[in-house]
Protein chains: 2
Amino acid sequence: MAVYTEIADAELEAFLTRYDLGAILALKGIAEGVENSNYLLQTQAGFFILTLYEKRVDSRDLPFFLSLLEHLASRDINCPQPVRTKAGEALGTLAGRPAAIVTFLEGLSAKLPNVAQCGALGAALAKLHAAGADFTLSRQNALALQAWPSLYQLAEARAGEVRPGLAASLAEELQFLGRNWPDHLPKGVIHADLFPDNVLFLGERVSGLIDFYFACTDMLAYDLAISMNAWCFAPDFSYDLAKGQALFKAYEKIRPLNRDEIAALPILARGASLRFALTRLVDWLNVPKGALVHPKDPLEYLAKLEFHRKVTSAEELGVKG
Amino acid sequence: MAVYTEIADAELEAFLTRYDLGAILALKGIAEGVENSNYLLQTQAGFFILTLYEKRVDSRDLPFFLSLLEHLASRDINCPQPVRTKAGEALGTLAGRPAAIVTFLEGLSAKLPNVAQCGALGAALAKLHAAGADFTLSRQNALALQAWPSLYQLAEARAGEVRPGLAASLAEELQFLGRNWPDHLPKGVIHADLFPDNVLFLGERVSGLIDFYFACTDMLAYDLAISMNAWCFAPDFSYDLAKGQALFKAYEKIRPLNRDEIAALPILARGASLRFALTRLVDWLNVPKGALVHPKDPLEYLAKLEFHRKVTSAEELGVKG
């Protein structure tokens, strides 16, 4: 659920005169992205997305995100393209926030992806990793292993409200991951948040990837673990092996995993589970009364973590060894 | 802030096959309307609004609303038009709720309407009243005088949390309005919620009126009082006489008020203030923890009520006697 910053009429008009988009015809706040305010913007030139970057996005990262979108498009990845002003700028200021206009992509996100869509996602993710290989900017993953202890500390005292004994169990997992986290796997640009919300389909064809505001430089196989967690579990949080198989098979057709990546997948999946369990837990425990933002239930990712703790090989996740 | 009902992919597709709109290309939840779930829908035929009617709208009222939109369009009022299915139906069922597709209107709502926009609104409201004159369906105003005591009872016990002594002051106002409410003024179809959110502008020209889900049969001058309250106060809740004058002057150019309507305006304005103060108060006191819907502050309409209590003639509101 997105937030919506109010934009004063005159300020919006002034902002748009910097662009070559003609007169504004419509502006509607849309429920897209959780970190920023997003609006559907119609001008005489067509439909666009106007994004106001809220405080959780570090404005120093915006050039990385916007350049990445342009780089990926030049490598035939269909993702939103920044619209530049007459002066050539991709980034401006609106309502006191950094703001950008990007192209509007057709397509619908799958509420509950089917096996074919998991396969299509696997292929799209591999193409994304291949397309990012020669991107020259880099950005540290702000939510990588090193960040998890401080997230844990934010949640520790009240974690028991969500489930008795949760703090101790998370502390144990943190220790385990700290000792066993891989550090020698192929790295590159990862999306880091390629959930079903962020993948647009027309039928079973991927028509676009969106919301690159967690993109960073990290292990490619970790990105795969994040998406596997988001796409291949049933609504009851049981693992759907057929979906996992479709995802990995399609991914490996374009970018085969090496032996180390395959061996590391179970632990990467534990880390990917913990990362989302921790951020959701912190959000869940800190939701202000009357907030517009409805936090996601941390129990989903705690259940996925429990599953992955029992996994002993990548084969159980659907990877052909 | 709108609510968003999740729509299963297959169900949405099945719903759309009933229409002659081609394949679906995009669907985005939008922040429009407070009672229903609204989505921007793109199909091969263009852009539309898909509305799922949530529980606060009585489904028996939907034929009234949808017929009204068609009637008004036939009288040159620019408002959303129901798209009928191949079988000629304006209303269907989606995600267990009544659902309709209406046309997408260009235009932007004014965040803080200026004097010229208040004038344009006055003219649009008068045209709306004239266009509704030969509409044959009727619908009782579910939030009229008769409904206020039960709203008051829902808020009475906890009204003091909002302002000490509020319950007694509201009870007194209810009594006064019950004794003095006019019952002989011209009636017709009123919008009953024509706030700035619901009026689209292109520049200073009204390009469309939207969100007719409070429309009903009631006193035309009461509709004017509702809009005056919503359009002609400054952000500090002081009355802006220039805006009031512009509103009434433009309205009367198209539909002159009779002497009784003018004399009744101050009391209609008190009633219009109380009606929104009460519904906002009830919502404010009953917001569930973690709710997606952010209730509007009841203090705004309590301040407007205080202002109108001191008004002794319509001239003070900007009506030429």
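This is a predicted model: local features need pLDDT of at least 70, side-chain atom pairs count only at pLDDT 80 or more; totals for chains, interfaces and linings use all residues.
**Exercise 1.** Work out how the size of chain A sits against the globule rule.

*Solution.* Start with the parts list: nine helices and nine strands make up the secondary structure of chain A. Next, take the radius of gyration, which is 20 Å; the globule rule gives 20 Å for 321 residues, so chain A is as compact as a globular protein of that length. For the outline, its C-alpha trace spans about 60 × 45 × 35 Å along the principal axes.

**Exercise 2.** Find what share of chain A is buried, and what share of its contacts with a separation of 6 or more comes from residues 24 or more positions apart.

*Solution.* Burial goes first: taking buried as under 20% relative accessible area, you get 58% of the 321 residues in chain A. Then turn to the contacts with a separation of 6 or more: 73% of them in chain A join residues 24 or more positions apart.

**Exercise 3.** Describe the interface of chain A and chain B, then say which element gives the largest share of chain A's side.

*Solution.* Count residues to begin with: chain A puts in 31 and chain B puts in 31. Now the area: about 2900 Å² is buried between the two chains, 62% of it on carbon and sulfur atoms. Salt bridges across this interface come to zero, while eight residue pairs are in polar contact, both partners at pLDDT 80 or more. On chain A's side, helix H1 (9-17), strand E1 (24-30) and strand E2 (37-43) each supply at least two residues. E1(A) gives the largest share, with seven residues. Finally, sort that side by type: 19 nonpolar, six polar and six charged.

Technical notes
Residues are numbered from 1 along each chain as its sequence is written. Chains are lettered from A and ligands numbered from 1 in the order in which they are written. Side-chain values use heavy atoms; hydrogens and water are left out. Contact means heavy atoms within 4.5 Å. Buried area is the accessible area (1.4 Å probe) that two parts lose on being put together, summed over both. A salt bridge is a side-chain nitrogen of Lys or Arg within 4 Å of a carboxyl oxygen of Asp or Glu. A polar contact is a pair of N or O atoms within 3.5 Å; within protein, one must be able to donate a hydrogen and the other to accept it, and residues adjacent in sequence count only if both atoms are side-chain atoms. Helices (H or I, at least four residues) and strands (E, at least two) are DSSP runs, numbered from the N terminus. Ala, Val, Leu, Ile, Met, Phe, Trp, Tyr, Cys and Pro count as nonpolar, Asp, Glu, Lys and Arg as charged, and the others, Gly among them, as polar. The radius of gyration is taken over C-alpha atoms; the globule rule is 2.2 Å times the number of residues to the power 0.38. Buried means under 20% relative accessible area, exposed over 50%, partly exposed in between (1.4 Å probe, protein chains only).
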